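Please open the structure in your viewer and keep the selection panel at hand. The tour below goes from one selection to the next and says what is found at each stop.

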Amino acid sequence: MSDFNKILLSSSKLSVGYKNGQEKIIIVEDVNLSLKKGTLTTMVGINGSGKSTLLRTLAGLQNPISGEVLLEKSPIKTLDAEIKAKQLSVVLTGQYISKNLTVLELVALGRQPYTNWLGKLSEEDKVHILNAINATELEALKNTACHALSDGQFQRALIARALAQNTEVILLDEPTTHLDLHHKASIFSLLKTIAHEQQKTILSTSHDIELVLGMSDEMLVIHNGKATQDTPKNLTESGIFEQLFPDNIIGFNKENQRFFIR
Amino acid sequence: MIKNLFTTVFLFSFLLFNSCKNESKPEVSENQQTSKSLVEFATGFDILDHEAYKILSVSQAWPGSKKTFRYALLKEGQKLPDSIEADAILTIPITSIVVTSTTHIPALELLGVEETLKGFPNLDYISSPKTRALIKAEKIEELGQNESINTERAIDLNPDVVVSFGVEGENKSLNSLQRANIPVLYNGDWTETSPLGQAEWIKFFAALYNKEKQADSIFNSIKDNYNSLKKEALKAKKKPTVLSGAMFKDVWYLPKGESWAAQLVADANAEYLYKDTKGTGSLSLSIESVLDKAQNAEFWIAPNAFESYQSLKETNDAYTQFAAFKNKAIYSFAAAKGETGGMLYYELAPSRPDWVLEDLVTIFHPELNSNKASHFFTPLE
Amino acid sequence: MILLFVVNIALGSVLIPLKAIIQIILGDDSVKEAWQYIILDYRIPKALAAIMTGSGLAVAGLMMQTLFKNPLAGPFVLGISSGASLGVAFFILGGSALGLSAFVVPNGWGTILAASLGSFAVLSIVLLVASRVRDAMALLIIGLMFGSLTAAVVSILAYFSPAEELQRYMFWSFGSLGDISWDALIILSFCYFIGMILAFSVTKSLNSLLLGDHYAQTLGVSLQKSRFIILIATSILAGSLTAFVGPIAFVGLAVPHLIRQWFTASNHWTLMPACVLGGAVLMLFCDTLAQMPLFEFSLPINAITSIIGAPVVIWLLIRKKKLLF
């Protein structure tokens, strides 16, 4: 029980953005978050608020403008790539992936940090791979090439790959965009189960605020260049959701925890 | 046709020298008792006879060459002293040879050793009837492979020596032959600038066959013939003006004032209109400048590969503006072809400058006995 | 492939009976000396050169295609062969165009040295740029720009050169596997093995790179290091091969595609060895054809590789209806 409330991923005075020549453009500033072990945190915000930028910076794929990201107390910048690969995995959008791979091959790539230089899969590796495939309901498709999958099936395959990597921390960027409601719900339900049962730390961005409100342990709201981390209940009370959308077209009903169109 | 055009350009490229001739005649060797063959005119090679061995040295394998190749020629039983270095070692007399240029063929025939020729690249270029007979009898192997020699066939043939015209840079195929222990000699006859100098290269081949005396007498008769023709020409009353060359694409190429061709025209007692240009290569001029200077040249010789007035006219109307065109005073060697289309002039002229001179004297000074049959030049059709 | 090797050395301009060939290989000295030389010092080095050229270029091409995620990439996409061509152009054409006298070079090594220096120069610039550029695509474009630049300089040199030099340069650019000495072959083998070892050391990373740079990073691949090794391996293979046999087109680009379509595989642990075998086989086959056995002329190897290879790729694509990449 000693690692209850253990913080796996945190940031300190983190400002993220990008450089335009010499100019630094900050999108979200002064982020001080801490994600505990065994929690599912969802990141929400309107388009362009900087969710993806923040997520990529937390994953160490992008350099922060200032501040630092800590993976279990170690600054993520200093970590050796191979060690980091066993602790943190990602699911991203818009990557150019070779569609020639079968689902099984794609998911198996999640085990790269653990295999030897030949890339040979051990029995343990195979267990993780099959578990990941089962969890994402892809058994029937495991030998299908990715180019023959629907967008939704492909997305599940990418999630399976991250699951196979079996890391303490999983960061996901819009993992359910192409999925229907059933699969959206089942994916987040899956993430929640994994977080609680396997004691993993999961952070996922999402556009479906209503859906994730009920499922997340905590939420990270990105609004006006700032990040606010709290439980869904507290956030609802604080009225932040009313202010989320820029104009008066959308409103938020606190009791139902639903958005409505004025 | 294309092959001929290419050869024309190729030959003109031969005439591209730099004017720096820093090789004077080689000095007499150390040994007092040596007698060297008298190489009077040629500056590109020399033969030093040290009794116990002979050194054939080629100082101008290609124009501007800074390297002198030394080839050791040893008679049966002779050995090269360890202190002497050579680029190739041969046992003479040789019994089989491969040459790579048609200019080598006349030397072999004059020395009577054409039967030792076992292989040649691009047999079709050879014009001489004597050698063509050997080709027909399948005594000479075709060794051409694209731009170079077919390595496998040449090795299989295993000649005593391969004589190649020198080209700056490397030839992979020749390197392979050398590695296979076939001696390769570079022949720079085409770099000689004087007519008699080029003919003197017969002595180069003679050294390989131990036929120096024969070569001397052949060369001397050519030399005497040449000189008497030169004297004859001086008797002429007039010294006509002469133009040469023609256009290739848009550039008119003609020999420079110190080149082989220009010297021949001068020795034929004619006024080559570009005789004051320096250098031994080709001039590249525009049609305007040639028209300007040479429109009224009395004679026009060697208009590249053109064989008829019609073809000149069809190629470029400007040609018709020349006085020599209007007066039908154009003479070309293009009609003299071998059975398979090879140009006799390219093959034989370097070895028989006296015949070229004879043709030119007959053309320029018909009053001095015009009954001689032409060797190379005939009036354009 | 063994069969092709034997066929390749059995056929050539001179007809040498198979029995004699076997005798020569077994060290029997009684066979005609010229034939011994032809087999041992001309045809066998040529066949070995063909094997190294085919396999080396195929592996290099595979690495380039995966690194740049571009099916049109090949081993020369970084401008390596352009650099080599430039070096050789200076050597062959530079003489008259720039008034340079022939440098004193050990006989026969001039073009090899010139080509190597050219490739090396381009490699250095590419590595320098690679360390400053994050996006692989930018590197690709820079390589292509190098190609254009060097081609332009070569054309200027060619413009001022006499016909015979131009012809020599052109014939170099057609590629030639023949006339390679054992000394040269040994040095080539050395470079080849270093290149191949580097290539195979990075195979696992290549698999990760199938998912793109970001995923690869999260899988533990050090992008800088992997890119570096891939670039060096490719340059050593492409550069040394071009230096010794001239620029050989098509093989590096097409063989990876042929292998991918044939095996429908993505795993580089399958693709790499398959490319080694496939490339060697293709090259041996094309060289045997190019020799035009028993004819006195031969065809440039570059033309043969494209004439044979292109239709095969087209047929495969049409059959499968989809480019698997």
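Begin by selecting chain B, which an automatic or database domain assignment divides into domain 1 (32-222) and domain 2 (234-379). Before going further, note that this is a predicted model, in which local features need pLDDT of at least 70 and side-chain atom pairs count only at pLDDT 80 or more, while totals for chains, interfaces and linings use all residues. Residues are numbered from 1 along each chain as its sequence is written, and chains are lettered from A and ligands numbered from 1 in the order in which they are written.

The contact between them takes 20 residues from domain 1 of chain B and 22 residues from domain 2 of chain B, where two residues are in contact if their C-beta atoms, placed from the backbone, lie within 7 Å. On the domain 1 side of chain B, select α2 (105-110) and α6 (195-199), each of which supplies at least two residues; helices (H or I, at least four residues) and strands (E, at least two) are DSSP runs, numbered from the N terminus. The largest share of that side, 4 residues, comes from α6(B).

Next, move to chain C and select helix α8 (residues 182-201), which has 20 residues and reaches 28 Å from its first C-alpha to its last, close to the 28 Å expected at 1.5 Å a residue (the expected span being 1.5 Å times one less than the number of residues). Which residues of α8(C) are buried? They are A184(C), L188(C), Y192(C), G195(C), M196(C) and A199(C), a residue being buried if 20 or more other C-beta atoms, placed from the backbone, lie within 10 Å of its own, exposed if 12 or fewer, and partly exposed in between. These residues lie on the same side of α8(C) because they cover an arc of only 100 degrees around the axis, taken from the directions from the helix axis to the C-beta atoms. Then turn to the face directed away from the buried side, which carries the exposed residues D183(C), I186(C), F190(C) and I197(C).

Finally, show every chain. Among the 2 pairs of chains that touch, chains B and C have the most contacts, whereas chain A and chain B do not touch, their nearest C-alpha atoms being 42 Å apart.
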